[in-house]
Amino acid sequence: MTSKPPKRILWVLSFLLPEPARQLGMPAIPFGGWVSTMLGLLAKAPEIHLGVAMKAPVKRRRDLVIEGVHYYLLPQQRTNKFDVLDADCRFVLEDFAPDLL
């Protein structure tokens, strides 16, 4: 019997999660703890491969894998810190190839 490959789920956030922030030596935000809790629970599900894309105060796109979760940190645009480049979004979608966004 062959097992099904895990579903690739990409989660998109508008803020930097604490664990990737710690890995990069950045300060963690003081809110969104429930998001990290839910992320940790989902990451333990063997039928799911989880990716998280988020904007971050970085100069170039960064990819991290922490405890099986693939994090994509997208640089905020200089002229509009609330947005990221389309090219970075396309990269994430092509690289992670999610089944569900």
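**A tour from Ala53 across the sheet**

Begin by selecting Ala53, which lies in strand β2 (residues 48-56); helices (H or I, at least four residues) and strands (E, at least two) are DSSP runs, numbered from the N terminus. The model is predicted: local features need pLDDT of at least 70 and side-chain atom pairs count only at pLDDT 80 or more, whereas totals for chains, interfaces and linings use all residues. Residues are numbered from 1 along each chain as its sequence is written, and side-chain values use heavy atoms, with hydrogens and water left out.

Ala53 counts as buried because its relative accessibility is 7%, the limit for buried being under 20% relative accessible area (1.4 Å probe, protein chains only). Next, display its contacts (heavy atoms within 4.5 Å). Leaving aside residues up to four places away in sequence, Ala53 touches Leu10, Trp11, Val12, Leu13, Tyr72 and Val92.

Now select the strands. Four of them form an open sheet in the order β1-β2-β4-β3, with mixed pairing; two strands pair if DSSP finds at least two bridges between them. At the edges stand β1 (7-13) and β3 (62-66), each with a single partner strand, so one side of each has no neighbour in the sheet.

Move to β3 and strand β4 (residues 69-75), which pair in the antiparallel sense over five bridges. Here Leu64 stands opposite Tyr71 in β4.

Finally, select helix α3 (residues 86-96), which packs on the sheet and touches β1, β2, β3 and β4. The direction of α3 makes about 165 degrees with that of β4; axes are lines fitted to C-alpha atoms, for helices over the stretch in contact, and angles run from 0 to 180 degrees between N-to-C directions.

Terms used:
Buried < 20%, exposed > 50% of the residue type's maximum accessible area, 1.4 Å probe, protein only.
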